[in-house]
Amino acid sequence: MALDNDCNGQVDDGLGQQYADNDGDGYGDPLEPLPCDTPGVANSQDCDDNDPDAFPGSTVGFNCIGCSAADQLAMSQNLHVSNGSLSGPYMNAIITCGVGCNGAGDPTAVEACFQACFQTAIPVGPSCGECIGVYIQTIFANGPCAAPCMAAALADFQTCTGLLDADGDGYFAPADCDDQDATINPECY
Ligand SMILES: [Ca+2]
Ligand SMILES: [Ca+2]
Ligand SMILES: [Ca+2]
Ligand SMILES: [Ca+2]
């Protein structure tokens with residue numbers, strides 16, 4: 001059977017699904033697939049389709065891995081370390097998502113509900129949000145996670161996001177307004 005995936009009335013001529021490229025960097029917006037016959041770009045790999053310097057492999061801006069500077073600020077303003085684990089508004093939002101999606105139906109529906117809620121509640125780029133996702137999966141993968149496992153998960157989270165807590169007061173820079181002094185509490189943001 002002849003395929004016409006690009007819906008132009010002809011057997012496939014190689015165009016395929018196209019995506020919008022609003023910032024013109026050659027990388028498409030995964031959230032903006034285009035209707036049939038609308039030309040765009042064939043890939044959907046742009047992590048920020050409003051920033052022409054942000055794309056996979058960029059050396060002039062955010063390279064789409066982990067957290068951008070804006071994401072790091074948002075994360076540091078909404079997460080901190082308490083008793084060895086992540087805490088704060090973002091974690092509260094994630095727990096609320098989990099509770100709210102519990103009755104969504106079968107496991108697939110629960111997962112879809114949680115993912116949608118998570119992305120709304122944690123407004124950072126997908127590759128940055130994924131850092132929290134991996135952290136949560138690690139600490140809940142096999143029931144409650146023991147202290148060494150929590151520490152490892154937290155270290156992985158910091159590597160993934162690039163967030164630093166140099167003075168060990170549980171607050172990450174840049175929201176920690178003095179990350180060299182643990183006696184200065186960064187509630188000053
Ligand atoms: Ca783009
Ligand atoms: Ca871009
Ligand atoms: Ca700190
Ligand atoms: Ca500090």
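Biologist: Let's start with two helices, H4 and H5: how close do their axes come, and at what angle do they cross?

Modeller: In this predicted model, the axes of H4 and H5 come within 9 Å and cross at roughly 170°. An angle over 145° counts as roughly antiparallel, and H4 and H5 are therefore roughly antiparallel to each other.

Biologist: Which residues meet between H4 and H5?

Modeller: On the H4 side they are Cys128, Cys131, Val134, Tyr135, Thr138 and Ile139, and these meet Cys149, Met150, Ala153, Asp156, Phe157, Cys160 and Thr161 in H5.

Biologist: Staying with H5, which of its residues are buried?

Modeller: Ala153, Phe157 and Thr161 are buried in H5. Seen down the axis of H5, its buried residues fall within an arc of 60°, so they line one face of the helix. As background, an α-helix has 3.6 residues a turn, so residues three or four places apart point the same way.

Biologist: And what do those buried residues pack against?

Modeller: The buried residues of H5 pack against helix H1, which covers 69-78, against strand E2, which covers 85-87, and against H4.

Biologist: What sits on the face of H5 that is turned away from the buried side?

Modeller: That face carries the exposed residues Pro148, Ala155 and Thr159.

Biologist: Why is threonine 159 called exposed?

Modeller: Threonine 159 has 11 other C-beta atoms within 10 Å, and a residue counts as exposed if that number is 12 or fewer.

Biologist: What span should H5 have, and how far apart are its ends?

Modeller: At 1.5 Å a residue, the 15 residues of H5 should span 21 Å, and the C-alpha atoms at its ends are 21 Å apart, which agrees. After H5 comes glycine 162, whose phi is positive, near 80°.

Biologist: Now H1, please: which residues are buried there?

Modeller: Asp71, Gln72, Met75 and Ser76 are buried in H1. They cover an arc of only 130° around the axis, which puts them on the same side of H1. These buried residues of H1 pack against H4 and H5.

Biologist: Switching to the largest nonpolar core, which members touch the most others?

Modeller: The largest nonpolar core has 20 residues, and the ones that touch the most other members are Met75, Cys131, Ile132 and Tyr135. Helix H2 (89-101), helix H4 (126-140) and helix H5 (147-161) each supply at least two residues of this core, and H4 gives the most, with 5 residues.

Biologist: What does isoleucine 132 touch, leaving out residues up to four places away in sequence?

Modeller: With those left out, isoleucine 132 touches Tyr90, Ile94 and Ile122.

Biologist: Which residues does the second core include?

Modeller: The second core is separate and has 6 residues, including Tyr27, Cys47, Ala54 and Cys64. In general, nonpolar side chains tend to be buried together in soluble globular proteins.

Biologist: Zooming out, how many helices and strands are there in the protein chain?

Modeller: The protein chain has 5 helices and 2 strands, and read along the sequence they follow the pattern α-β-β-α-α-α-α.

Biologist: What percentage of the chain is buried?

Modeller: Of the 189 residues in the protein chain, 23% are buried. As for contacts between residues at least 6 apart in sequence, 40% of them join residues at least 24 apart.

Terms used
Residues are numbered from 1 along each chain as its sequence is written. Chains are lettered from A and ligands numbered from 1 in the order in which they are written. This is a predicted model: local features need pLDDT of at least 70, side-chain atom pairs count only at pLDDT 80 or more; totals for chains, interfaces and linings use all residues. Helices (H or I, at least four residues) and strands (E, at least two) are DSSP runs, numbered from the N terminus. Two residues are in contact if their C-beta atoms, placed from the backbone, lie within 7 Å. A nonpolar core is a set of buried Ala, Val, Leu, Ile, Met, Phe, Trp, Tyr and Cys residues joined through C-beta atoms within 7 Å. The expected span of a helix is 1.5 Å times one less than its number of residues. The arc is that of the directions from the helix axis to the C-beta atoms. Axes are lines fitted to C-alpha atoms, for helices over the stretch in contact, and angles run from 0 to 180 degrees between N-to-C directions. Angles under 35 degrees count as roughly parallel, over 145 as roughly antiparallel, 65 to 115 as roughly perpendicular and the rest as oblique.
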